[in-house]
Amino acid sequence: MHVTVARDDQNDAIETNAHHPDAADELVIRALGNSEQGVDFLLRQLDVESSAAKRQYILLTGLGRQIRDPKDAAMRHKLETKLQNLLEKETDSNVVLETARDLRRMQWGRNAALIAPGIARAEQEGNRTGASLLQKEADDWLAWDEQINLPTFLRTPPPVFQVVPADVAIRVLAIGDFGTGNAAQMNLASTMRAYHQKHPFSFGITLGDNFYPRGVSSPQDEKWDAFWEQPYGPMKIRFYPSLGNHDYLQADGPAAEVLYSNRSKTWTMPATFYTYTAGPVQFFAIDTQELSDTKLFQRQVAWLDAELAKSTARWKVVYGHYQIYSATRGDEQNLIHRLLPVLRNRVDLYLCGHDHNMQQLRQEAGVHFFLSGGGGASLYDFRDPNYPHSIFKAKKNGFTVIEADSKSMKIQLIGTDGEPMNSAEIH
């Protein structure tokens, strides 16, 4: 999809020529949804845009963040009014469905917020049992607020578990932004299999956006075989995945990915976030979609803080989907404020995807940052050639290999030829 945005007194327009945007288009529409002026522009486009596919894309991508978490009551009222009006006149069933989901999301979120004063009063009175029960109810409502049929117990991690004995060195494969079924994904998967023949992996991890464009519908979805088992199953290793924003775009998607663990020898995802040890490393798979939500992030941050405090592992690796720093999208302020303080001087590596390229970012407070989003989705450009956090960047497909023993941990960005594009070693 090609998008042209004209912003002057005479003309505001989005022009598209296909259902799926390219990287630049997606960034433009997402950026418009981050400002009040941009939201007003997108709301006007819903009235004049003739293509139903384009209207649906505006609702999904352009307005999605404000619908999930309106910045104030005025914005909430504006969006709810527009969605109600759109339901009355919209003729395309897909757009009607997306609009109805968005409206329900906003209404459930508003109702869930009404529980907050009761939680606060229970805590002030020292009634921890009452506060806990009310918080669980709020969490259940907020799962509906996200339009995800995901019960609270699937958002509750198990105790830390062991994957590889502590005295064994490990080699780990990491892939992000891959589940398209296109030639780029399949060619890179072939490179991974060849690499595995020469340098066997202990196991793998995913960095989210496991399935495009809207996740999976169930543990039986046909994408599991075509986009997952066929390309990666021949390696006969187990993966420990994390979720990306595209994995959340279908109502049952996150639950389907957790529950697929019961059907597969290659996929283990006990909850939407969890931790485990492997050799000298403790890994923490986090759900950055939840961390980006103002209402939901506290519980996961508290869990991560407590688990890091208890960890005795030589190395600590946190991985998820959204970037903290990136030469494509820049700084992700939500994670800088909510996640980074927990990582500083406690975690050795933060590994993510989201931007469809390969990057190494500058170390900060003992944390090394790598971005590995070149797993198969359309590649993204770099917007700021002088981005201050950047050490290495390549607009290429690739995957990441982590090798760790008790003395060092090595991170390599591997290209489609199976050779390192970039590497770093932590002692």
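**View 1. The buried residues of helix H7 (residues 116-124).** Gly118, Ile119 and Ala122 are the buried ones here, with buried meaning under 20% relative accessible area and exposed over 50% (1.4 Å probe, protein chains only). Look down the H7 axis and these buried residues fall within an arc of 100 degrees, so they line one face of the helix; the arc is taken from the directions from the helix axis to the C-beta atoms. Exposed Glu123 and Gln124 sit on the face turned away from the buried side. Just after H7, Gly126 has a positive phi of about 75 degrees.

This is a predicted model, where local features need pLDDT of at least 70, side-chain atom pairs need 80 or more, and totals for chains, interfaces and linings use all residues. Numbering starts from 1 along each chain as its sequence is written, and side-chain values use heavy atoms, leaving out hydrogens and water.

**View 2. His356 in the loop between strands S10 (349-352) and S11 (358-364).** His356 counts as buried because its relative accessibility is 3%. Its side chain makes polar contacts with those of Asp177, at 3.3 Å, and Tyr212, at 3.1 Å. (A polar contact is a pair of N or O atoms within 3.5 Å; within protein, one must be able to donate a hydrogen and the other to accept it, and residues adjacent in sequence count only if both atoms are side-chain atoms.)

**View 3. An open sheet of 8 strands.** The order is S3-S7-S8-S9-S10-S12-S11-S13, with mixed pairing. Strands S3 (161-164) and S13 (390-394) stand at the edges with a single partner strand each, so one side of each has no neighbour in the sheet. Pairing takes at least two DSSP bridges between two strands.

Terms used: Helix = DSSP H or I, 4+ residues; strand = E, 2+ residues; numbered from the N terminus.
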